[in-house]
Amino acid sequence: MTPRINARDREALRVLPRLMQRKVDGALRGSVEDLRDVVGSLNQLKGVTQLLLPVFHAQLEAYPVPDRISPDVVPVIMLAKWSLGGIVQICHNLGNNISLGERIVHDAVASKWELLFPWMQFFSNNFLPPSQRPAALPHGLSVSTYEALRITIHPLSTLCQFTVAGRQMMRTNPTVQAFFFRAWVIVDGLKSDDVADPLREGDKNLSALIRANMCSLSVICMEDTPASLPVSIIASAAGGIFPMATLALRYIRRMTKEVSNMPEPQSRARENVDFSSMTVCATGLAQAILFMQSLGDREGGCQELLLQIGSIRTVLSAVTTLWERLLTPAWNSSDNEADIGLAARRRVLYIAYRYIGYSMNCANDSALVISQALQHGLLECLLRTGSSRAERVDNTKRFDDDHDIQLLKELPRFFVFSKVLRVLHPALQRLDRVHLQERASQDPVLWEVWQAVDSAARTFTNFHELPEGAPFYRYQCCSPKCSLNFFEDDVTAYRCSGCMLTRYCSKVCQKDAWESGHRIHCRMLRSALGNRDVHEIRKSLPVIAMIESWICEERVNEIRALDKDTVKTSPDDRSIVEVDLSVYPIELNMYSLREYFLVCGSHTFEREVAESITASEDSPYDVVAVKVRLGREYYSLFSPATALGIAFGWTSGIRGGRYIHDHPRTPDT
């Protein structure tokens with residue numbers, strides 16, 4: 001069947017140069033060479049290239065998609081290759097011209113999708129590894145891996161960039177998603193030499209640019225809408241959830257490596273190819289991080305899986321490796337350009353910080369997230385990547401818009417957990433050695449927030465290192481008649497199933513402790529854990545108790561003022577002060593006992609425990625409650641200081657806001 005176009009489209013072609021008209025006629029008669037020349041001339045035909053779309057569409061319509069590669073279909077395959085390549089080139093030349101692009105992409109791709117997609121599948125199946133093509137290609141057939149990738153992925157890319165229908169299709173069409181993620185898996189395994197363009201020898205950035213494009217498309221697939229496909233269906237193209245999660249991390253590592261290995265641009269301007277490639281690939285890195293976050297957000301359990309296989313380490317490694325390259329100013333007008341300027345490159349770092357913030361707020365073990373982040377240089381990264389004098393930053397918006405400030409402000413609420421404090425002290429020591437004050441102080445907002453965070457960090461790490469901050473009940477028998485110590489993770493120890501806190505070396509000691517007073521203290525200790533068995537709270541209870549004591553001593557005047565404003569429903573109603581450690585700066589709230597349990601409902605400790613406590617006459621409050629947060633969950637604890645004091649004779653050693661015990665510091669157990 002001979003390709004044909006209608007009379008109106010043929011008439012429109014008369015504006016082309018005569019030589020080009022003859023090439024078009026030859027292409028319509030089935031000449032592969034003439035069609036190749038037409039495609040090769042597209043960059044010289046500015047403003048009229050869309051007139052050739054009917055020619056390319058006619059070639060694809062004229063011949064059925066082959067079932068396999070054989071010598072008799074070589075001309076058909078080559079005509080299809082150049083036709084798809086011509087459509088891709090026309091769309092590529094649009095750049096970011098949305099108003100013009102929407103119309104042309106509709107005509108070139110969207111309106112002809114049913115025609116294009118089978119050919120895209122053919123080239124993907126036969127020319128991308130592992131392919132179905134024979135070991136030796138028939139004479140005259142030449143399709144490189146780069147060409148196959150370009151004509152199979154770029155139509156999808158432009159369709160999503162310029163049309164709402166394209167993005168909707170990527171989110172909801174299982175066939176298209178399977179097609180894309182097959183290519184996504186293939187591209188991950190390709191080396192730079194595998195995707196070399198025969199027409200652009202020596203261009204080492206092609207593989208990075210292709211991966212950047214794949215990252216952007218993957219984010220569109222994961223956009224969560226009512227019509228979006230379940231992640232399990234999407235992940236099947238990659239072999240399942242675990243392979244997809246692993247590939248997501250590998251894309252981040254590959255993009256980090258690609259950007260870091262690019263030659264340093266001689267000038268940081270749009271016209272410089274190395275600089276332009278660097279900004280595109282850095283954006284691709286940001287998209288890869290967004291994809292990973294979307295994967296964890298949409299698929300239950302996937303966020304925990306990503307954390308287990310090193311997502312925090314991978315993201316911080318990207319920031320550590322690239323921050324200086326991304327934030328180096330050009331000291332010219334390009335620093336202020338929307339898509340390549342300092343603000344655009346800074347967004348890559350902000351997306352990395354946003355992922356860490358998302359993880360610490362949503363993970364089941366958010367204390368582990370922060371511990372990993374601190375171990376892998378989070379504080380150093382935050383202080384190094386503050387805004388510089390070259391950036392025109394509106395400091396009034398830094399608190400609302402910028403993820404580095406938001407992340408830094410949220411860190412102190414995790415400084416109440418032993419797992420975090422154990423790695424926080426070495427992190428502070430590393431900071432003291434690298435001297436980042438000069439760099440960080442260039443950003444006045446960041447520096448102000450950091451000084452408050454640093455003060456809290458050093459205060460709380462001091463508490464953690466004191467003997468009173470150790471979870472003594474985890475490594476010694478809690479019977480008053482026994483002094484046996486055992487390892488903290490000793491599985492032979494007996495733990496009280498009521499309070500979930502005390503441990504014993506034997507059933508005899510457990511019975512002795514019960515008869516010696518634990519029957520009274522058990523409910524109180526359980527209430528100090530918020531009536532829930534949370535490992536990190538259980539292990540951190542003495543530190544939380546020390547912080548509670550310190551706050552109540554340090555801010556006693558504030559508590560007295562709150563007590564005066566508290567409305568009590570009856571003369572015998574009692575007051576309860578809530579020390580809110582789930583926010584920073586730490587907040588104090590005062591309630592009547594009745595009001596507190598109405599506000600908190602069943603998500604707190606037992607009221608009978610609070611009513612059993614008698615406060616001293618000069619105390620501005622009767623009971624203390626402590627509020628902490630881990631992940632998405634909030635926990636209301638009955639005063640850990642009171643519970644530990646009554647049950648074990650524990651004291652914080654804090655008087656007048658100061659530590660008064662003369663004990664040597666002990667290592668964390």
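This is a short walk through a few local features of the structure above.

Okay, some ground rules. What we have is a predicted model, where local features need pLDDT of at least 70, side-chain atom pairs count only at pLDDT 80 or more, and totals for chains, interfaces and linings use all residues. Residues are numbered from 1 along each chain as its sequence is written, and side-chain values use heavy atoms, with hydrogens and water left out.

Let's begin with Gln59. You'll find Gln59 in helix H4, residues 53-62. When I say helix or strand, I mean a DSSP run, H or I of at least four residues for helices and E of at least two for strands, numbered from the N terminus. So, is Gln59 buried or exposed? Its relative accessible area is 2%, so Gln59 is buried. Buried here means under 20% relative accessible area, exposed means over 50%, and partly exposed is in between, with a 1.4 Å probe and protein chains only. And what does Gln59 touch, once we set aside neighbours within four places in sequence? The contacts, meaning heavy atoms within 4.5 Å, are Pro3, Ala27, Leu28, Leu35, Leu79 and Ser83.

Now over to the sheet. There's an open sheet of four strands, in the order S4-S3-S5-S6, and the pairing is mixed. Two strands pair if DSSP finds at least two bridges between them. Which strands stand at the edges? Those are S4 (587-592) and S6 (633-638); each has a single partner strand, so one side of each has no neighbour in the sheet. From one strand to the next, the twist averages 25°; for that angle, axes are lines fitted to C-alpha atoms, for helices over the stretch in contact, and angles run from 0 to 180 degrees between N-to-C directions.

Zoom in on S5, residues 623-630: S5 and S6 run antiparallel, joined by six bridges. In that pairing, Lys627 sits opposite Ser636 in S6.

Staying with the strands, look at the loop between S3 (575-580) and S4, where Pro585 lies. The peptide bond joining Tyr584 and Pro585 is cis, with omega about 0°.

Last stop, two residues with positive phi. His435, in the loop between helix H22 (418-434) and helix H23 (437-440), has a phi of about 55° although it is not a glycine. His435 is exposed, at 65% relative accessible area. Then there's Met500, in the loop between strand S1 (494-495) and strand S2 (503-504). Met500 isn't a glycine either, and its phi is near 65°. With 8% relative accessibility, though, Met500 counts as buried.
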